[in-house]
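Welcome! Open your viewer, get the selection tool ready, and let us walk through this model one stop at a time.

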Amino acid sequence: MSEDKLVRECDKYINRYCMTGEKKMLIDFARNIGYNPSYLSRTYKRVTGNNLMEYFQIKKMEYAKELLRKGYSVTYVATHFGYSKNGFTKAYRKATGENPSCVNKKTKGEE
């Protein structure tokens, strides 16, 4: 498989699983498509400039933000992604630079 095709497969995987809330890891994906996780990660970074797992985390948090904007509670969203509320808040803040409860409050204030 060409490197560009491999990156497209990674992106499809990321988009599919960031929305489900399933905790899929690089090793699961690499096994699924028959590649070594280290090779997959290095190739993705070389082609896109992004760390694969960091990109996966950012995409998950983008989807989490959509859920928060739709009015879902921080606790619900955290649970959906398999986090404790505090763990989710920390991961969300790291990925987006903002507190998830602020997104939720802004949405409620707009209604």
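Start by selecting Arg46, which counts as exposed at 52% relative accessibility. On this tour, buried means under 20% relative accessible area, exposed means over 50%, and partly exposed lies in between (1.4 Å probe, protein chains only). Before moving on, please note that this is a predicted model, where local features need pLDDT of at least 70 and side-chain atom pairs count only at pLDDT 80 or more, while totals for chains, interfaces and linings use all residues. Residues are numbered from 1 along each chain as its sequence is written, and side-chain values use heavy atoms, leaving out hydrogens and water.

A salt bridge here is a side-chain nitrogen of Lys or Arg within 4 Å of a carboxyl oxygen of Asp or Glu. The pair links distant parts of the chain, since Arg46 sits in helix α3 and Glu3 in helix α1, 43 residues apart. Glu3 is partly exposed, at 32%.

Now select residues 37-48 to see all of helix α3. Helices are DSSP runs (H or I, at least four residues), numbered from the N terminus. Which residues of α3 are buried? They are Leu40, Thr43 and Tyr44. They cover an arc of only 100 degrees around the axis, which puts them on the same side of α3; the arc is that of the directions from the helix axis to the C-beta atoms. Turn to the face away from this buried side, and you will find the exposed residues Arg42 and Arg46.

Next, go to helix α1 and select Lys12 and Glu9, which lie three residues apart, about one turn of the helix. They form a salt bridge too, with the closest N and O atoms 3.1 Å apart.

For the last stop, select Lys65 and Glu98, whose side chains meet in a salt bridge (2.7 Å, N to O). Lys65 lies in helix α4 and Glu98 in the loop between α6 (85-96) and α7 (100-110), so the pair ties together parts that are 33 residues apart in sequence. Lys65 is partly exposed at 22%, whereas Glu98 counts as buried at 18%.

Note on methods:
Helices (H or I, at least four residues) and strands (E, at least two) are DSSP runs, numbered from the N terminus. The expected span of a helix is 1.5 Å times one less than its number of residues.
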